[in-house]
Every structure is written in C-alpha cells, then in structure tokens.
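Open your viewer and follow along. Each stop tells you what to select and what to look for there.

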Amino acid sequence: MLKILRLEYLLNRRQILIVLAIFTAYFAYMVSRIDSPRVFVVSTCIMIGLAMPFTILGREDKFKTSAFVCSLPVRRSTVVLGKYAATWAAIGLGLGYTLLLAAVFPFSKIQVAEILTARSLFVALFLISLIFAVILPFTIRFGLVGIIILLVGFQLLGILALILSHVLGGANNPLRVFIRAVAGGLRTLLTHEATPGFLLALLAVGVAVSAASLFVSRALYVRRDF
Amino acid sequence: MDNAIEITGLRKEYKGFTLEDVTFAVPRGTIMGLIGPNGAGKTTIVKLIMNLIRRDAGEVRVFGRDNLRHEPEIKSRIGFVYDVPRFPEDLRLKTIASAVSAFYEGWDDSRFRDLLEEFRLSPRQVFKKLSHGLKMKFSLAIALAHGADLILMDEPTAGLDPVFRFELLTKLRALIQDERKTVLFSSHITSDLERVADYVTFIHQGRVVFSAAKDEILDTWGVIRAAGDGLRPEDIPGARGFRRTEHSLEVLTSDLAAARRSPLSGTVIDKASLEDIMFFIGKGNAHA
C-alpha cells in the first residue's frame, strides 16, 4: 500500500499544490467574510471533500492511467485502498492548510481556537467521511463522469423534492418533515455538547461509512475493464 | 520444453464480439507473435493475460501459476508495453520511472538510464512532448529495466518508422538469447513476425486459427494460383480460403505437401507468407 501511496504522491503532487494555491485565494476571501466557526467548518469540509478526490482521481481519468496502475504488480484491492489513503492524506493536508490560513491571515474573522476543538474536528472528519463515502465509489467506477452524474443526480433530486413539496402542500407533509429532520440533525451535530459518547458515536459512524464505501469501491474496481 | 504462458479455453464476451475458446501456449525462451486483422481479439488476449479485463471463462497460467490468484508475483516478472502508452502525460520521464521502480525488486536504475541513452531520451523530458515512437521507446525502457522474464507487448510496432521497428525487433531477438526470457507480442505487421518470431498464433474473429512454430507454418501452408476457371477451391487439398478474380483463382492451403502431390494442371504452387494467410482467412473467402 505504501508503494501506491508513493505513486499517488509522485503523480499528483503538482496538482495538489495548484489546488492549495486556489484554496489560498478562496479561503482568503472566505475568512474575511465569515465569522461563524460552524459555517466555516461545514463549507470547508464540502470544499475539501469535493476538491481532493476530484484532483487525485480526476487526473487518472483524464490521462487514462488506470490501465498503467493496474499493470503494476499489485492487487486491485490494494490500489483502491491506496487511493482512499492518498485522498484522506490530501484531505488532511487541505484541512491543516485552511486552518493555517484562517490563523495567519491578518483580516481573518475566524477564531482558530474556536475551530480547534474536539467537536469541530470530529464533525469535520464525519462530514468529510460522508461526502467522501458517496463520491469515491462513483469516481472509481465512472471516473470524472461519476462526479458529474452524482452532482446532476443531487440537482435532480432537489428539483424533485421542490416539486413534490409544492404538490403535497401543507407545512407538515412528509417531505418537509424529512427535510426538517435532516436540518435538525445537522444543527445537533454542530451544537451538541462534545461528550465522549457523542464524539465516539461520530467516529464510529464515520469509520463505518468509510469502510462500507471502501468495500463498494473495491468491488466496483475489481470488476472494471481497462 | 516448459511454457511461460499457457492459455486454456479463454472466453470474453463483449457486445458484438466474443473471444471464444482460445487455447495456446508460449514456450519459454521464445518469441511468439499474435497476428490477426484489426478487431480479431489480439488486444483482448493481451489484456486478459494482464488481468486488465475480466475473463468470462478459461484459464491463464503464467510461469505455471494462475494469473489471477498470483497476480502481483506474476506481474513483477512481466515487462508490459501497451499499444498506446498510458503514463501520466504531464510528468517527466524520471518521475514516472521513480514511481514505477518501487514496484519491482529487480529494478536496475543504471540499466534504465543506459536504455534511455540508447533510445536517445533524456530523463528530464516530459512524457507528453514525446512522439509516438519515443513514447514506445520509453515504455520499452520501463519494461526492460526490471529484468522481466516475460515481455508482453500489444502492437508495439504499429505507427513506428521502419528504422525503429528494425531496432526494436533486433532488441527482442537479442533479449531471448539467454533462453530464459520470453516475448509475446501482438501485431498485424506480418513482416515483423516473419523476421523475429519463433512461434505464431493467428487469431481471427475471436478464435485461434492456428498456433504453431513459424517455420512449420511457412513450410506447410501454400498458395495455388491458376488462370481461367477450370480449377475449383474444393479440388485443392487442405483449402482454407480462396480469392477469385475475373481471370484467375488463388487458393490458400494448409497442406502444401498434399497440394503438390495432387495432379493439378496449369497451376503455380508457392509457399504462403503470413500476409497471404492473414489475407485469405481475413479478407478472402474462408473455406472449411
């Protein structure tokens, strides 16, 4: 697996630096405008959770190098494990970098100390796990098109939800109840007291979701023809 | 003689094409050419050996081991050259080599640099800026730098100029001199195979037409040419295909000796080249 990690590093290091340069501009603007640690955590997680898999797996898709990687003396299951590890490493790097930016930018409205709490970090990892767990199997199976399929799918789902909500009418139709429950869950996630039980539950769900995602990705990748 | 590759009953189905019941073996220390027209299934076989695509049935054994169960061990002994090199385009050659070298215990950096020098490549060159021929040379350098026992190449000479094709074929010939290394390469350029191959496997429409020693093929296959319309293909022993023009008939036979013995008047009998065989079976009228 370390060989795959090294391979991913050598193949992607320049692109990751470019992404970090883009992050510098983006987060410079963001930390000058946002003063809520919760909004910062959620938006950062979404940004990093989307950008890093896109960077690493997108390049492979662009240059059609999967066939090259699969011709190396390594099992495909190990290749997938390496991709997960490499993407997590890139995410860790991205998170660390954005926190650094929030801390060093003189015009930053974010108090880094408010973010560097166990709850914020666990919530961040949990959110990234969820984004990551959905995106990676699609990307591993369909390449860049997979991300587009997923995003278009979410857009269509949103449109469908709006139409359904309008058709069903009333404040207590099942769809609105469901959306309120999701929003409530997210609020609870961001405001819940950081008890050890809560943090452990976040960690357990994050690990379980990642493991399920890895399992699905492996099954998809082993079946792929190059 | 033991075999480097043994393929038995291999099957792969695509929409509109099926590779069916492919069986052949590549003896160790030899060069085998896989020939066939475009779309015959050559690349599919190469990919199945490399497990780049999933087989539907059959078995592939490399160095006596199943290629799926022992995938990493087997691939560590294979130098693979793709028809279109699939390296990350924007990287320098030295970066690609550095990424690849960690996977092979037998990687020899000085040998790799010697090969680059021989092919007039610089480690600092960026892959995408190379011509197709130079990309193939780089792929070959990667394939040869880890002391592979089996060199597997898919259409390595396609799109190359005659000078480099000659260099490549000479290199392959030199490679098997120690009788441990084996080469399997697919090509539709029959002259390349006639120059270097010890064995030839001919694939047509997803099936093996024959797999035998090249000299045996060239000794036993022939073309009978006759003017006018007095001769019928079914009169020729071992007829495998024919081409009829307005004024003549050409018949391919896989039993040249029997054809020579039969009383055919007004005919010219020649040995068949691999190109003749590929033409008659691929484009002519195939004959049972």
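How many helices and strands does chain B have? Chain B holds 10 helices and 15 strands. Bear in mind throughout that this is a predicted model.

**Stop 1: chain B as a whole**

Select chain B and show its C-alpha trace. Along the principal axes, the C-alpha atoms fill a box of roughly 65 × 40 × 40 Å. Buried residues account for 44% of the 288 residues in chain B. Now consider contacts in chain B between residues at least 6 apart in sequence: 70% of them join residues at least 24 apart.

**Stop 2: the open sheet**

Colour the strands of chain B. Six of them, in the order 6-7-8-3-9-10, form an open sheet with mixed pairing. Which strands sit at the edges? They are strand 6 (78–81) and strand 10 (207–213) of chain B, and each pairs on one side only. Ignoring direction, neighbouring strands of this sheet are turned by 15° against each other on average.

Next, select residues 31–35 and 199–204 of chain B. These are strand 3 and strand 9, paired in the parallel sense over 4 bridges. Find B:Gly33, which stands opposite B:Val200 in strand 9 of chain B.

Helix 10 (residues 274–282) of chain B lies across strand 3, strand 9 and strand 10 of chain B. Helix 10 runs at about 15° to strand 9 of chain B.

**Stop 3**

Zoom in on strand 6 of chain B. In a regular strand, side chains alternate between the two faces of the sheet. Here B:Ile78 and B:Phe80 point one way, B:Gly79 and B:Val81 point the other way, and all are buried. Strand 6 of chain B runs parallel to strand 7 of chain B, joined to it by 4 bridges. Across that pairing, B:Gly79 stands opposite B:Ile151 in strand 7 of chain B.

Is B:Ile78 buried or exposed? B:Ile78 is buried, because 24 other C-beta atoms lie within 10 Å. Leaving aside neighbours within four places in sequence, B:Ile78 is in contact with B:Ala148, B:Leu150 and B:Leu152. For a distance check, pick B:Ile78 and B:Pro156: they are 78 residues apart in sequence and 15 Å apart in space, C-alpha to C-alpha.

**Stop 4**

In soluble globular proteins, nonpolar side chains tend to be buried together. Select B:Ile49, B:Ala141, B:Leu152 and B:Ile277. Of the 134 residues in the largest nonpolar core, these four touch the most other members. Helix 6 (residues 118–142) of chain A gives the most to this core, with 12 residues.

Centre on B:Ile49. Beyond its neighbours within four places in sequence, B:Ile49 is in contact with B:Ile5, B:Val60, B:Val62, B:Asn67 and B:Leu152.

**Stop 5**

Select B:Gly39, in the loop between strand 3 and helix 1 of chain B. B:Gly39 counts as partly exposed because it has 15 C-beta neighbours inside 10 Å. B:Gly39 and B:Phe17 are 22 residues apart in sequence and 8.7 Å apart in space, C-alpha to C-alpha.

Turn to backbone angles. Most residues other than glycine have a negative phi. B:Asn51 is not a glycine, yet has a positive phi of about 55°. Find B:Asn51 in the loop between helix 1 (42–49) and strand 4 (57–62) of chain B. B:Asn51 counts as buried, with 20 C-beta neighbours inside 10 Å.

B:Phe63, also not a glycine, has a positive phi of about 55°. B:Phe63 sits in the loop between strand 4 and strand 5 (65–66) of chain B. With 19 other C-beta atoms within 10 Å, B:Phe63 is partly exposed.

**Stop 6: where the chains meet**

Finally, show both chains. The contact takes 20 residues from chain A and 21 residues from chain B. On the side of chain A that touches chain B, helix 1 (2–33), helix 2 (37–63) and helix 3 (66–70) of chain A each supply at least two residues. The largest share, 5 residues, comes from helix 1 of chain A. Colour this side of chain A by residue type: the residues divide into 11 nonpolar, 2 polar and 7 charged.

Technical notes:
Residues numbered from 1 in each chain as written. Chains lettered and ligands numbered in written order. Predicted model: local features only at pLDDT ≥ 70, side-chain atom pairs only at ≥ 80, totals over all residues. Contact = placed C-beta atoms within 7 Å. Nonpolar A, V, L, I, M, F, W, Y, C, P; charged D, E, K, R; others polar. Buried ≥ 20, exposed ≤ 12 C-beta atoms within 10 Å, placed from the backbone. Pairing = 2+ DSSP bridges. Axes fitted to C-alpha atoms, helices over the stretch in contact; angles between N-to-C directions. Core = buried A, V, L, I, M, F, W, Y, C linked by C-beta atoms within 7 Å.
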